[in-house]
Amino acid sequence: MSIARGKNGKCWVLGCRDEHQSLFGLPKCEDTRREWLKFIFIDDVPARFSSHLAVCAQHFLSECFVNEGQYNAGFASRLMLKDGVIPTIRDRTIKQEYAGSFQQSPAVRHVGCQTDPPENRSVATQLSMRTLRHPVRSKGTQVTSMNDFGVGTTTGPLMTLQPLMTSTHITFTRPAKRSRLELDDEEKEEEDEYDDDDDDDDDDDDSVSMEGLEPHDSTCDPADSVSTEWTNMLPSSSPIQNIPKYIVYETCLLELFEMCPVCQRACRVRRRRLGTFLAVDQLCPHCKFSRQWKSQPIVGSTPAGNLQLSAAVYLTGASFFKLKKTFRAMHVKVFQYDTFRRHARMFLEPAIVYKWKRAQEVMLQRLSKDKKVIVGGDMRTDSPGHSAMFGSYSMMDLKSNTVIDIQLVQSNEVDLPCYMEKEGLKRSLALLGDHGVNLDCIVTNRHPQIQKFLKELNIKQFYDVWHVEKGVSEKLEKISDDKECKQLKKWLRSIKNHVYWTAASSKTGAERVAKWTSIVNHVQDIHTHNNPIFPKCLHPERISRDKSKWLTPGTPAFNELNKVLTSRRMLEHVERLNPHHQTSSVEAFHSVSIRFAPKNVVFNFLGRLCRLYLSAMHFNENADHLQATTSAGDPAFNVKSHRAKKGECTVEPVKTEQTFNYIDDLMNLLFDHVAKDPAPYFSEVLTIPIP
């Protein structure tokens with residue numbers, strides 16, 4: 001008993017136009033199988049054919065089914081055949097060209113004079129335009145038919161001869177030799193011939209089953225589904241980089257090349273792979289039909305999919321090795337790391353350098369028109385540990401929160417690694433000076449070399465509040481660990497807040513110093529001061545519930561606190577606190593650059609520099625994105641717990657989704673210009689001094 005298969009396959013009977021939902025594969029019995037093949041191919045069984053042939057229920061008599069009654073009553077979803085039955089019913093609408101003969105008319109006696117003029121018709125072999133593309137060409141023979149009318153003694157209705165379709169042998173030319181692709185070590189060529197002599201068993205594990213209903217995935221998200229829509233098959237005018245891509249299984253793809261579209265016989269198939277690129281050559285040994293199919297367009301001599309995958313990994317700051325592990329788990333073919341590096345060297349890095357230089361030129365021209373430019377700078381070592389190999393100095397326009405320059409310094413360019421920050425600042429200031437940018441002031445950390453260097457250049461320098469607060473807090477936390485100074489722990493948070501309040505509420509350096517030193521009296525519960533600039537605390541008078549927190553003069557806790565807060569170096573730094581702009585934006589950019597250029601990953605000089613340029617493009621595009629709102633239109637906030645604050649929670653605004661327009665711009669630049677002629681863009685890379 002044979003059970004019907006699902007409707008994933010098709011009925012292979014020539015001329016079947018009313019296909020039934022119940023399909024039956026070839027039987028295992030050799031005699032019955034032979035009769036089925038004769039019926040399918042109308043006594044012209046080819047030497048080789050697909051092992052997935054099927055016949056629908058339309059071609060069997062009703063007595064051939066076991067459960068026809070149950071099926072008609074709706075109690076069965078598929079018909080089942082009896083053993084040994086043979087299909088006998090052929091569609092009555094099948095034309096003579098499938099049967100190989102035409103219907104004979106009754107015997108008549110023709111009249112010597114025909115009054116009707118002959119009717120001419122042209123019949124040719126018709127195939128799909130997409131199937132027989134250039135250089136494949138088919139030829140047909142025109143046939144002239146004439147309606148033959150006669151008078152006879154038969155009592156039946158007059159019959160009309162159907163025109164006989166004839167055609168010459170179809171000649172196909174082999175495709176022209178394709179342009180040679182870039183050769184790789186992983187290039188793979190395979191030749192497969194589909195031979196049914198080796199696949200007679202219909203239950204072979206390698207055969208593709210026609211069973212399967214419409215899949216129902218319990219994890220399906222309706223938001224991810226795409227509605228079905230009909231589109232024309234004309235060549236797409238979209239750029240190569242914007243064409244949608246899909247994951248296609250090999251067995252599903254090769255099913256399209258199993259059978260010849262002309263003679264419906266098995267074909268020889270050869271496939272060649274180059275990374276994610278696949279080329280399939282199809283050749284029919286019977287009618288010599290041939291064609292070649294490519295999975296990707298070719299840009300120059302590089303498959304577009306390989307290049308775009310390398311670009312997607314590089315431009316998003318992803319890891320090629322993690323991507324390769326993911327593809328290996330899915331058995332998706334991908335190129336090797338050497339190919340990725342070659343794409344980066346030849347196309348990606350020149351495109352990144354070119355785009356960053358053009359964007360930087362626009363920013364510097366805008367700043368040159370501003371009379372008072374406030375910038376902030378800071379250094380980030382790009383290697384773990386104290387023996388840093390690279391140091392990147394970032395210069396940012398604090399008014400617009402945009403990165404305007406990145407200088408990458410290698411440790412062998414200076415005497416000691418600690419001099420890399422000064423060298424990076426020197427190069428950035430030289431670039432700003434060459435473009436005519438007038439600096440009002442610069443906000444940096446408290447590095448002694450930076451202080452001396454800016455003092456020699458007579459550039460006004462301010463200190464970042466966070467760096468000053470961090471230095472004070474680390475000293476006081478270490479002092480408070482002493483048994484005699486544990487009382488200071490109650491004042492640590494208040495002193496941190498006092499640093500920020502001093503900087504934000506003061507207009508002059510003297511006012512900042514007066515407000516800062518008032519904390520020494522405040523911890524003694526004394527709220528009036530001898531300094532006329534700030535004679536009294538601004539908070540209202542209140543009675544403290546915890547009187548043990550007040551410090552007593554002469555105690556170790558008070559003496560250590562007074563020494564840290566009123567030291568000469570500390571008072572100089574407080575005087576230079578910037579009241580308006582901080583380098584927190586620079587620190588935020590450094591956290592972004594870690595995602596593009598992690599410290600625990602080794603990059604060469606140009607590779608790390610290009611990744612820093614990408615992080616700057618990403619930061620500049622998303623630096624001022626707006627705060628998100630709730631469904632009611634109110635500003636959205638989120639509560640976050642920070643490890644640095646030892647579990648303390650803060651309320652932060654929720655920003656809108658990030659954008660990645662710079663990636664689209666780089667993709668367009670890559671495929672429209674760089675991939676076609678990389679020489680002009682590669683010359684931009686040669687101007688970078690690489691140590």
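## Notes on a predicted model

1. Let's start with the rings. Searching the whole structure turns up 19 aromatic pairs. One of them joins phenylalanine 60 and phenylalanine 65: the ring centres are 6.3 Å apart and the planes meet at 70°, so this pair counts as edge-to-face. Both phenylalanine 60 and phenylalanine 65 are buried. Keep in mind as you read on that this is a predicted model.

2. Now look further along the chain. Phenylalanine 589 and phenylalanine 619 also make an edge-to-face pair, with 5.7 Å from centre to centre and 70° between the planes. Phenylalanine 589 belongs to helix α15 (residues 584-596) and phenylalanine 619 to helix α16 (residues 605-622), so the pair ties together parts that are 30 residues apart in sequence. Phenylalanine 589 and phenylalanine 619 are buried too.

3. Rings can also gather in a group. Tyr314, Phe320, Phe321, Phe335, Tyr337 and Phe340 make up one aromatic cluster. Elsewhere, lysine 515 puts its charged end over the ring of tryptophan 501, at 4.9 Å from the centre.

4. The whole structure holds 18 salt bridges. One of them links arginine 271 to glutamate 250, with the closest N and O atoms 3.3 Å apart. Arginine 271 is in strand β6 (residues 268-274) and glutamate 250 is in helix α4 (residues 250-254), so the pair ties together parts 21 residues apart in sequence. Arginine 271 is buried, at 12% relative accessible area, while glutamate 250 is partly exposed, at 44%.

5. Here's another bridge to find: arginine 366 with aspartate 397, where the closest N and O atoms are 3.8 Å apart. Arginine 366 sits in helix α7 (residues 337-368) and aspartate 397 in strand β12 (residues 390-397), so parts 31 residues apart in sequence are tied together. Arginine 366 is partly exposed, with 41% relative accessibility, whereas aspartate 397 is buried, with 2%.

6. A salt bridge can also stay inside one helix. Arginine 427 pairs with glutamate 423, their closest N and O atoms being 3.1 Å apart. Both lie in helix α8 (residues 420-434), 4 residues apart, or about one turn of the helix. Arginine 427 is partly exposed, with a relative accessible area of 24%. Separately, salt bridges with shared partners join Arg270, Arg272 and Asp281 into one network.

7. What about disulfides? The count is 0. Cysteine 260 has its nearest cysteine sulfur, that of cysteine 287, 3.5 Å away, and a disulfide would need the two sulfurs within 2.5 Å. Cysteine 260 is buried, with 0% relative accessibility. Cysteine 485 is buried as well, at 2%.

8. You'll find alanine 57 in the loop between β3 (54-56) and α2 (68-73), and it is buried, with a relative accessible area of 7%. Setting aside neighbours within four places in sequence, alanine 57 contacts His20, Ser22, Phe24, Phe65 and Leu79. Alanine 57 and cysteine 11 are 46 residues apart in sequence, but their C-alpha atoms are 9.2 Å apart in space.

9. Last stop: which residues of helix α14 (residues 568-575) are buried? They are Met570, His573 and Val574. These residues cover an arc of only 100° around the axis, which puts them on the same side of α14. Their cover includes α9 (448-456), β15 (461-463), α10 (465-480), α11 (492-505), α12 (509-522) and α13 (556-565).

Conventions:
Residues numbered from 1 in each chain as written. Predicted model: local features only at pLDDT ≥ 70, side-chain atom pairs only at ≥ 80, totals over all residues. Heavy atoms only, no water. Buried < 20%, exposed > 50% of the residue type's maximum accessible area, 1.4 Å probe, protein only. Helix = DSSP H or I, 4+ residues; strand = E, 2+ residues; numbered from the N terminus. Arc of directions from axis to C-beta. Contact = heavy atoms within 4.5 Å. Phe/Tyr/Trp six-rings, centres within 6.5 Å; stacked < 30°, edge-to-face > 60°. Lys NZ or Arg CZ within 6 Å of the ring centre and 35° of its normal. Salt bridge = Lys/Arg side-chain N within 4 Å of Asp/Glu carboxyl O.
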